[in-house]
Amino acid sequence: MVLAACSAQPPPTEFPGRIAIPASATDLREHIDDQLRTMTAYYRFDLPPDRLPALAAALHCELGEVDDGARAAQNGDPPWFAPRPQQAHRRCESQIEHWMYELEVDVSRPDRYTVYLSASS
């Protein structure tokens, strides 16, 4: 009897566009929706608050002020991707080459933020 070894895929280390995923990111989820002419990648992870400025800088994204009312779930979003609308959040969008990034950050917990990032081409 031969048992096949199970090998889980290693967690991703980059977002599309060769932008490094912060080493301090935890509870990382990824979903790639690769269509014929477009691709959208979805990420959700927790991040220490002091690492958020570096992520925003890497994405060339200027975060807005803290606000209520996160972006509504959209058709095609993975179920785990929808930010909770009743939580305080910060948001920004940017474009680097042919990638469009949308960054939504739940800042309701002072010890860790939950980051929602989508990248589309």
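Helices (H or I, at least four residues) and strands (E, at least two) are DSSP runs, numbered from the N terminus. With that in hand, the chain has one helix and seven strands. Read along the sequence, they come in the order β-β-β-β-α-β-β-β.

A word on what you're looking at. This is a predicted model, in which local features need pLDDT of at least 70 and side-chain atom pairs count only at pLDDT 80 or more, while totals for chains, interfaces and linings use all residues. Residues are numbered from 1 along each chain as its sequence is written, and side-chain values use heavy atoms, with hydrogens and water left out.

Let's start with the whole chain. Along its principal axes, the C-alpha trace spans about 60 × 35 × 25 Å. Of the 121 residues, 39% count as buried; here buried means under 20% relative accessible area, exposed means over 50%, and partly exposed is in between (1.4 Å probe, protein chains only). The accessible surface of the chain is about 7,600 Å², and carbon and sulfur atoms account for 50% of that. Those areas come from the Shrake-Rupley method with a 1.4 Å probe, and for residues only the protein chains shown count as cover.

How do contacts link up the sequence? Take a contact to mean heavy atoms within 4.5 Å. Among contacts between residues at least 6 apart in sequence, 47% join residues at least 24 apart.

Then there's charge. The chain carries 11 positive and 18 negative side chains, and the centres of the two sets lie 3 Å apart. In that count Lys and Arg are positive and Asp and Glu negative, with His and the chain ends not counted. The place of each charge is taken as NZ of Lys, CZ of Arg, CG of Asp or CD of Glu.

You'll find Arg18 in the loop between strand E1 (14–15) and strand E2 (19–20). Arg18 isn't a glycine, yet it has a positive phi of about 60°. At 68% relative accessibility, Arg18 is exposed.

Further on comes Met39, in strand E4 (residues 39–47). Met39 is buried, with a relative accessible area of 18%. Setting aside residues up to four places away in sequence, Met39 touches Pro16, Ile32, Asp33, Asp34, Trp99, Ala119, Ser120 and Ser121.

Next is the disulfide. A disulfide is a covalent bond between the sulfur atoms of two cysteines. The search used here asks for a pair of cysteine sulfur atoms within 2.5 Å, and across the whole structure it finds one. The partners are Cys61 and Cys92, with their sulfur atoms 1.7 Å apart. The link of Cys61 and Cys92 is right-handed, with 125° about the S-S bond. Cys61 lies in the loop between H1 and E5 and Cys92 in strand E5, so the pair ties together parts that are 31 residues apart in sequence. Are these two cysteines buried or exposed? Cys61 is buried, at 8% relative accessible area, and Cys92 is buried too, at 5%.

Arg84 sits between H1 and E5 and counts as partly exposed, at 36% relative accessibility. The C-alpha atoms of Arg84 and Leu103 are separated by 14 Å, and the two residues are 19 apart along the chain. Gln87 lies in the loop between helix H1 (52–58) and strand E5 (89–96). Gln87 is buried, with a relative accessible area of 18%. A polar contact of 2.9 Å joins the side chains of Gln87 and Ser108. A polar contact is a pair of N or O atoms within 3.5 Å; within protein, one must be able to donate a hydrogen and the other to accept it, and residues adjacent in sequence count only if both atoms are side-chain atoms.

Glu97 has a positive phi of about 55° although it is not a glycine, and at 65% relative accessibility it is exposed.

Last stop: Thr114, in strand E7 (residues 113–120). Thr114 counts as buried, at 6% relative accessibility. Its side chain makes a polar contact of 2.9 Å with the side chain of Arg109. Leaving aside neighbours within four places in sequence, Thr114 is in contact with Arg44, Phe45, Asp46, Glu104, Val105, Asp106 and Arg109.
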